[in-house]
Amino acid sequence: MTIPRATVIGAGQVGATAAHLLALKGLAHVTLIDVVEGLAQGKALDISQSAPVEGIRVSVTGTTNLDAAAGSQLVIITAGLARKPGMSRDDLLAANANIVGPIAERIGRVAPNAILIIVTNPLDVMVALALQRSGFPRHRVMPAPRRTDPPLDPGPATGPGLRQNEPDAGWRKEEGHDG
Ligand SMILES: NC(=O)c1ccc[n+]([C@@H]2O[C@H](COP(=O)([O-])OP(=O)(O)OC[C@H]3O[C@@H](n4cnc5c(N)ncnc54)[C@H](O)[C@@H]3O)[C@@H](O)[C@H]2O)c1
């Protein structure tokens, strides 16, 4: 089976954790991207150096270049600011729209078949913006699941270890990795 490729944009708290989990679970070769020079590269190196201990067999690389997302089946956008004291919701929205909008537009060009998961807050607005700027169809742009979301209905199994309604079922199915 070909191992899919995933890109995580933003190598901060959430992005680095997402990249590590993708690698630990062997779900995809991972490209980690951050605007800060050396940050994604350093985090990717840390994860890669744990590979022999953790049994990680996928590659994890870091870069500042968004074009490295080319060919990814999954792109997770975590880039942006978290709300700081004194920052209004509107301030956060404006700042993060200026980050997420251009990223989504670039992903639309370099990884046109990807599924896009948005983590950056305010989540619903960022999902709508990413949908518009990427040009992707609605079913390929989605928010990261939230703790308050209802539990997924597992539904009937569609393959070994994979159930119809699991969040990655569509990703794997679209790319022909459904078991
Ligand atoms: N949806 C959720 O459930 C959920 C949960 C946690 C955090 N968040 C949100 O996710 C976002 C990230 O949170 P965090 O804790 O990882 O923040 P963080 O500050 O640790 O990381 C954000 C990273 O984004 C990078 N970045 C900024 N602009 C960029 C750009 N143009 N291109 C690439 N990288 C860029 C920063 O350099 C930084 O490393 C925030 O908006 C936060 O509110 C959402």
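This is a predicted model: local features need pLDDT of at least 70, side-chain atom pairs count only at pLDDT 80 or more; totals for chains, interfaces and linings use all residues.

Visitor: Why does Val 14 count as partly exposed?

Guide: Because Val 14 has 18 other C-beta atoms within 10 Å. The scale works like this: 20 or more other C-beta atoms within 10 Å of a residue's own is buried, 12 or fewer is exposed, and in between is partly exposed, with C-beta atoms placed from the backbone.

Visitor: And what does Val 14 touch, leaving out residues up to four places away in sequence?

Guide: Thr 78 and Val 119. Contact means that the C-beta atoms, placed from the backbone, lie within 7 Å. Val 119 is 105 residues from Val 14 along the chain, yet their C-alpha atoms are separated by 8.3 Å.

Visitor: Which residues come nearest to the ligand?

Guide: Gly 10, Gly 12, Gln 13, Val 14 and Ala 79, out of 26 residues around the ligand. A residue counts as near if its C-beta atom, placed from the backbone, lies within 6 Å of the molecule. H1 and H4 each supply at least two residues of that shell.

Visitor: How many of the shell residues are nonpolar, polar and charged?

Guide: The shell has 15 nonpolar, nine polar and two charged residues. Ala, Val, Leu, Ile, Met, Phe, Trp, Tyr, Cys and Pro count as nonpolar, Asp, Glu, Lys and Arg as charged, and the others, Gly among them, as polar.

Visitor: Back to Gly 12, where is that one found?

Guide: In the loop between E1 and H1. Gly 12 is partly exposed because it has 17 C-beta neighbours inside 10 Å. Gly 12 and Thr 78 are 66 residues apart in sequence, and 7.9 Å apart from C-alpha to C-alpha.

Visitor: Let's zoom out. How many helices and strands does the chain have?

Guide: Six helices and eight strands. From the N terminus on, they run β-α-β-α-α-β-β-α-β-α-β-β-β-α. The chain has 179 residues, and 36% of them count as buried.

Visitor: What about the largest nonpolar core, how many residues has it?

Guide: That core has 44 residues, and those with the most contacts inside it are Ala 19, Val 30, Val 75, Ile 77, Leu 116 and Ala 130. Strands E1, E2, E4 and E5 and helices H1, H2, H4 and H5 each supply at least two of its residues. H1 gives the largest share, five residues. A nonpolar core is a set of buried Ala, Val, Leu, Ile, Met, Phe, Trp, Tyr and Cys residues joined through C-beta atoms within 7 Å.

Visitor: Pick Ile 77, then. What does it touch beyond four places in sequence?

Guide: Ile 77 touches Ile 9, Gly 10, Val 100, Ile 103, Leu 116, Ile 118, Val 119, Thr 120 and Ala 130.

Visitor: At what angle do H4 and H5 pack?

Guide: About 35°, with their axes 8 Å apart. The axes are lines fitted to C-alpha atoms, over the stretch in contact for helices, and angles run from 0 to 180 degrees between N-to-C directions. By class, the contact of H4 with H5 has nine nonpolar, four polar and two charged residues.

Visitor: Where does Val 58 sit, and is it buried or exposed?

Guide: Val 58 is in the loop between helix H3 and strand E3. It counts as buried because it has 20 C-beta neighbours inside 10 Å. Beyond four places in sequence, Val 58 is in contact with Ile 3, Ala 23, Gly 26, Ala 28, His 29 and Val 30.

Visitor: Last one: which peptide bond is cis?

Guide: The one from Asn 121 to Pro 122, with omega near -5°. Pro 122 lies in the loop between E5 and H5. In general, most peptide bonds are trans.

Terms used
Residues are numbered from 1 along each chain as its sequence is written. Helices (H or I, at least four residues) and strands (E, at least two) are DSSP runs, numbered from the N terminus. Two residues are in contact if their C-beta atoms, placed from the backbone, lie within 7 Å.
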